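Hi everyone, thanks for coming along.

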Amino acid sequence: MAIKYSGDKMTVIPLLKDKSIVVGVTGGIAAYKAAALTSRLVQAGARVDVIMTEAAARFVAPLTFQALTHRPVVTEMFALLAETDIGHVSLGKRADLMVIAPATANTLAKLAHGFADNMLTTTSLACRGPILLAPAMETGMWQNSATRANMALLRDRGFYFIGPEKGRLASSDTGTGRMAEPNDIFEACRWSLARKGPLAGKHVLVTAGCTWEPFDPVRFIGNRSSGKMGFALAAAGRDQGAEVTRIHGPTARTAGDGVRCQAIQTARQMHDAVLDIISTTDVLLMAAAVGDYRPASFAGQKIKKGQDSRSVELAPNPDILKAVAKQNKPGSQLQVVVGFAAETEDLLENARKKLDQKKLDLIVANDVSAPDSGFKVDTNRVNILDPQSEPVTLPLLSKDEVAANIIQRVIVKLEEKAGDQPGKD
Ligand code: PMT
């Protein structure tokens, strides 16, 4: 998702909208899953052309894909040569992305050696955009040295891969060779498309969700953060080409979105995890709701009932953003630090104080008092504050849109900082 501004008007452009994507389907039992992938791409606004090999068309009828895409499905090279707008290389030339799912061992071998003996391999050779492969085959074929060598060649030539995974195979055996799930391939499509985006080469670190501070083996002090805002930020950074790491507290959300993940429970674990990789981070986005305090002691066994009242003594947790600011010396890799301020009153004043105290480049002031904003919900109301300028108030937006907006401002900050470096005009 990208944000374009024209004066004050903001337009959100989803990453896949109007992108030309070729889905190549080869002959394997996983071919039926390519229909789910195709459907997701179409629903995301992409213009999808499907090319099937002869073997693929034996597993799934081309009509399935035609119904999903509302476009003719290409199965034969020579049948198309007569058509002016679908010549044998034109699909490849105009594709923003080609994804081959499933990619059999046979097709991997052909691609590695430059064969152009069917419409799928011909289009791959002509393709100017990135090509993502989702291999699927029996374990023995996957482990065969010929396939390993073909994979190495393809990797060297810049093909992207997702999977295969370990699981039940067509032969009923269990092993590595099962095609990645359509949802994961969909996310990898987004990742592959974004590879040359404005954040290419940048490492973005996002913290997400709540922390749990235990006081006995079954109880803890926590908060209501679901991780949705942080997950949306990680996806938005990935969609602009960044390598993204997400350090997240306990959450029901799952990974598999092209983002490196590290799960933690407590604020101190998050502190250590962030400081461990901060020296290789370009942008830090602290969306996590980190517990400011933890129980001063931990009871090794479950605390028994028996008293009318009980109090828990608290000890302060380290402030992660302050620790980062302390460590961040001039010339280090970290360029932009964005904090969040979850507030129920005096939103802008409190956020401005945190912006100054935590030495941030931007702070996202988050009104968590409204039912459609803040914790758990899919929408958010935020103001973005910069040390130098007036706050920017965003309307009620989905968390994905808020995230895209924040990332856009991070890109501008990075450009400003690059411009400030000695030797730049
Ligand atoms: O996860 P969701 O359900 O989608 O909800 C999203 C959200 C409301 C949690 C998110 O948008 C948000 O506002 N996150 C920040 C919540 C928060 O802890 O705010 P704070 O004002 O207490 O902290 C200010 C900043 O300092 C934050 O960036 C926080 O990550 C950071 N912090 C806080 C405490 C601490 N010990 N170390 C820190 O670095």
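**Helix H1 and its neighbours**

Let me start with a pair of helices: H1 crosses H3 in a right-handed sense. On the H1 side, this contact uses Ala34, Ala35, Thr38, Ser39 and Val42, and on the H3 side Thr64, Phe65, Leu68 and Thr69. Sorted by class, the contact of H1 with H3 has five nonpolar residues, four polar ones and no charged ones. Do keep in mind as we go that this is a predicted model.

Now for the geometry of that pair. H1 covers residues 33-43 and H3 covers residues 62-69. Their axes are 9 Å apart, and the packing angle is about 15 degrees. Because angles under 35 degrees fall in that class, H1 is described as roughly parallel to H3.

H1 has another partner to show you, helix H10, residues 182-193. Here the axes are again 9 Å apart, with an angle of about 45 degrees. That angle makes H1 oblique to H10. The crossing of H1 with H10 is right-handed. From H1, the residues involved are Lys33, Ala36, Leu37, Arg40 and Leu41; from H10, they are Pro182, Asn183, Ile185, Phe186 and Cys189. What is the make-up of the contact of H1 with H10 by class? Seven residues are nonpolar, one is polar and two are charged.

Is Thr26 buried or exposed? Its relative accessibility is 1%, so Thr26 counts as buried. A polar atom of the Thr26 side chain sits 3.2 Å from the backbone nitrogen of Thr104. Beyond its neighbours within four places in sequence, Thr26 has contacts that include Ala31, Thr53, Ala56, Ile100 and Leu120. Pro102, Ala103, Thr104 and Thr107 are also among them.

Pro102 belongs to strand S5, and the peptide bond that links Ala101 to Pro102 is cis, with omega about -5 degrees. There is a cis bond between Gly163 and Pro164 too, with omega about 5 degrees. Pro164 is placed in the loop between S7 and strand S8, residues 165-168.

Thr107, another contact of Thr26, takes us to helix H6, residues 105-112. How many of the eight residues of H6 are buried? Six are, so to speak, under cover, and H6 is mostly covered. The buried ones are Ala105, Thr107, Leu108, Lys110, Leu111 and Ala112. The cover over them includes strands S5, S6 and S7 along with helices H7, H8 and H9.

After H6 comes Gly114, with a positive phi near 75 degrees. Phe115 is in the loop between H6 and H7. With a relative accessible area of 44%, Phe115 is partly exposed. Setting aside neighbours within four places in sequence, Phe115 touches Lys110, Thr121 and Leu125. For Leu125, the C-alpha to C-alpha distance from Phe115 is 8.1 Å, at a sequence separation of 10 residues.

**Two lysines with positive phi**

Lys359 is not a glycine, yet its phi is positive, about 55 degrees. Lys359 lies in the loop between helix H14, residues 347-357, and strand S19, residues 362-367. At 62% relative accessibility, Lys359 is classed as exposed. Lys376 has a positive phi as well, near 70 degrees. The loop that holds Lys376 runs between S19 and strand S20, residues 379-380. Lys376 has 46% relative accessibility and therefore counts as partly exposed.

**Zooming out**

To finish, here is the chain as a whole. The protein chain has 425 residues, and 49% of them are buried. Its secondary structure comes to 15 helices and 23 strands. The C-alpha trace spans about 75 × 60 × 40 Å along its principal axes. Among contacts with a separation of 6 or more, 67% are between residues 24 or more positions apart.

Definitions and conventions. Residues numbered from 1 in each chain as written. Predicted model: local features only at pLDDT ≥ 70, side-chain atom pairs only at ≥ 80, totals over all residues. Heavy atoms only, no water. Axes fitted to C-alpha atoms, helices over the stretch in contact; angles between N-to-C directions. Helix = DSSP H or I, 4+ residues; strand = E, 2+ residues; numbered from the N terminus. Parallel < 35°, antiparallel > 145°, perpendicular 65-115°, else oblique. Left-handed = near helix turned anticlockwise from the far one by under 90°. Contact = heavy atoms within 4.5 Å. Nonpolar A, V, L, I, M, F, W, Y, C, P; charged D, E, K, R; others polar. Buried < 20%, exposed > 50% of the residue type's maximum accessible area, 1.4 Å probe, protein only. Polar contact = N/O pair within 3.5 Å; in protein donor to acceptor, adjacent residues only side chain to side chain.
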